[in-house]
Amino acid sequence: MEIAQDFASKKHWRQAGSFLLDGFLAGACRTGVLLALMSPTAALVGAQSKARQGDSNAAVQTQMKNVRYHFTESATVYIKTLSGELLPTEGAEFPIFDNRDSFRLRIGYAEIDIAAGDLASVFNAYVFAGANSPLKGVSMSIENGHLTIKGKLHDVGTIPFETESTLSPTDEGKILLRTGKVKALHVPVKGIMNLFGVEIADLIKNGKLPGIESRGDDLVLDPSLIFPAPHMEGHITATRIEGNAIVLTFGDKNHATKARQTGNYISFRGNRLRFGKLTMTDVDMTLIDMEPTDPFDFFLDRYKDQIAAGYSKISANSALRIFVRDFNKLGKSKNSGKGAG
């Protein structure tokens with residue numbers, strides 16, 4: 001208890017950054033793409049949209065199959081399947097892939113998993129990246145079906161801590177992080193709020209950390225707030241552990257749309273969207289994995305390199321199909337660290 005009291009007397013929690021799933025993609029500008037945009041059903045448009053900003057009437061239907069999406073060069077999330085729609089955010093006419101704040105992803109159904117190590121990498125790179133962050137050196141692993149989180153409490157003299165938690169969905173479709181064991185300096189602490197200290201607990205209880213709230217000694221994570229733009233809107237219906245990964249199920253499988261083709265791909269249908277300097281109307285565009293023997297490895301920050309390494313085709317009905325090289329099969333680029341947004 002002396003440890004818990006010592007934590008409670010320390011300085012306040014620093015604001016953390018947003019948690020990521022970085023935007024779901026950007027566009028293309030190869031010759032085949034330009035020809036498609038010049039066709040009657042995929043024409044360049046400059047007129048104002050009749051749909052209201054943020055209106056579902058402007059939604060672009062999207063479907064993803066067997067995609068490994070990169071948050072960073074090393075941290076990824078695996079999208080087994082996803083059916084949903086891109087909606088323009090308030091202030092935007094339609095989704096613009098080069099501006100991840102211009103749209104959000106509303107998920108009807110999806111199965112998404114992330115390895116514990118990749119989740120920790122995202123936390124360190126985004127959520128606790130600030131110089132004054134109270135938590136440093138976070139690592140995560142799956143042990144005996146539980147999520148084990150280790151790190152250091154920077155605000156209390158760089159004290160090492162460890163928690164053991166389980167995950168489950170809440171009735172509201174959020175993620176419940178139920179904490180079991182808590183240790184600091186390898187000594188058991190009563191609970192996670194005792195570990196954090198009074199001031200940090202108050203920040204959570206008062207909603208000053210977006211997307212994070214406390215319920216007793218447990219934490220609830222709101223996926224629509226803890227991930228960065230484009231924000232995900234979806235109801236989490238199940239969580240499970242598979243190997244060293246956390247699997248999240250969004251929505252009801254009955255809401256999944258029929259696969260539009262075989263292989264690994266990301267497709268878009270209907271309404272308008274912009275990529276690069278080009279705008280498409282009556283969208284019918286699919287990004288296809290050139291080598292479907294493994295997941296479609298996609299990194300927003302290197303999408304131009306991926307597309308440039310592939311080729312595009314236009315069907316008889318002016319549908320655009322872009323065959324894309326996997327990110328992990330590209331060479332290094334001088335611009336590899338720059339984001340598209």
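## Close-up views of a predicted model

**Figure 1. Welcome to the whole chain.** The protein chain exposes about 15,800 Å², and carbon and sulfur atoms supply 50% of that area. What you see is a predicted model. The chain has 341 residues, and buried residues make up 51% of them. Take the contacts between residues at least 6 apart in sequence: 63% of these join residues at least 24 apart.

**Figure 2. Here is the largest nonpolar core.** In soluble globular proteins, nonpolar side chains tend to be buried together. The largest such core here holds 57 residues, and the members that touch the most others are Met 140, Phe 268 and Met 285. Which strand gives the most to this core? It is strand S3, residues 103-115, with 6 residues. For a closer look, pick out Met 285 and its contacts beyond four places in sequence, which include Phe 97, Ile 266, Phe 268 and Leu 273. Also touching Met 285 are Phe 275, Met 280, Leu 320 and Ile 322, along with Ser 267 and Arg 321.

**Figure 3. Phe 299 meets Phe 327 edge-to-face.** A pair of aromatic rings is described by the distance of the centres and the angle of the planes. The count for this model comes to 7 aromatic pairs. In the pair shown, the ring centres of Phe 299 and Phe 327 lie 4.9 Å apart; the planes stand at 70°, which is over 60, so the pair is edge-to-face. Phe 299 sits in strand S18 (residues 296-299), while Phe 327 belongs to the segment after strand S20 (320-324). The pair thus links distant parts of the chain, 28 residues apart. Are these two residues buried or exposed? Both Phe 299 and Phe 327 are buried.

**Figure 4. Tyr 311 and Phe 323 make a stacked pair.** Their rings are 4.7 Å apart from centre to centre, with 10° between the planes. Tyr 311 comes from strand S19 (residues 311-314) and Phe 323 from strand S20, 12 residues apart.

**Figure 5. Four aromatic residues gather in a cluster.** Look for Tyr 69, Phe 71, Phe 296 and Phe 298, which ring pairs link together.

Figure 6. Strand S9 covers residues 212-215 and strand S10 covers residues 218-221; they pair in the antiparallel sense over 4 bridges. Where does Ile 212 find its bridge partner? The partner is Leu 221, in S10. There are 2 residues between the strands, and in this hairpin Gly 216 takes a positive phi near 65°.

**Figure 7. Thr 279 reaches Arg 274.** Thr 279 has its place in strand S16, residues 278-281. Its relative accessibility is 4%, under the 20% limit, so Thr 279 counts as buried. The side chain of Thr 279 makes a polar contact with the side chain of Arg 274, at 2.9 Å.

**Figure 8. Leu 135 lies beside Lys 152 in space.** Leu 135 is found in strand S4, residues 135-143. With a relative accessible area of 5%, Leu 135 is buried. How many residues separate Leu 135 and Lys 152 in sequence? They are 17 residues apart, and their C-alpha atoms are 5.6 Å apart in space.

Conventions:
Residues numbered from 1 in each chain as written. Predicted model: local features only at pLDDT ≥ 70, side-chain atom pairs only at ≥ 80, totals over all residues. Heavy atoms only, no water. Buried < 20%, exposed > 50% of the residue type's maximum accessible area, 1.4 Å probe, protein only. Polar contact = N/O pair within 3.5 Å; in protein donor to acceptor, adjacent residues only side chain to side chain. Contact = heavy atoms within 4.5 Å. Areas by Shrake-Rupley, 256 points an atom, 1.4 Å probe, with all protein chains shown as cover. Phe/Tyr/Trp six-rings, centres within 6.5 Å; stacked < 30°, edge-to-face > 60°. Core = buried A, V, L, I, M, F, W, Y, C linked by side-chain atoms within 4.5 Å. Pairing = 2+ DSSP bridges.
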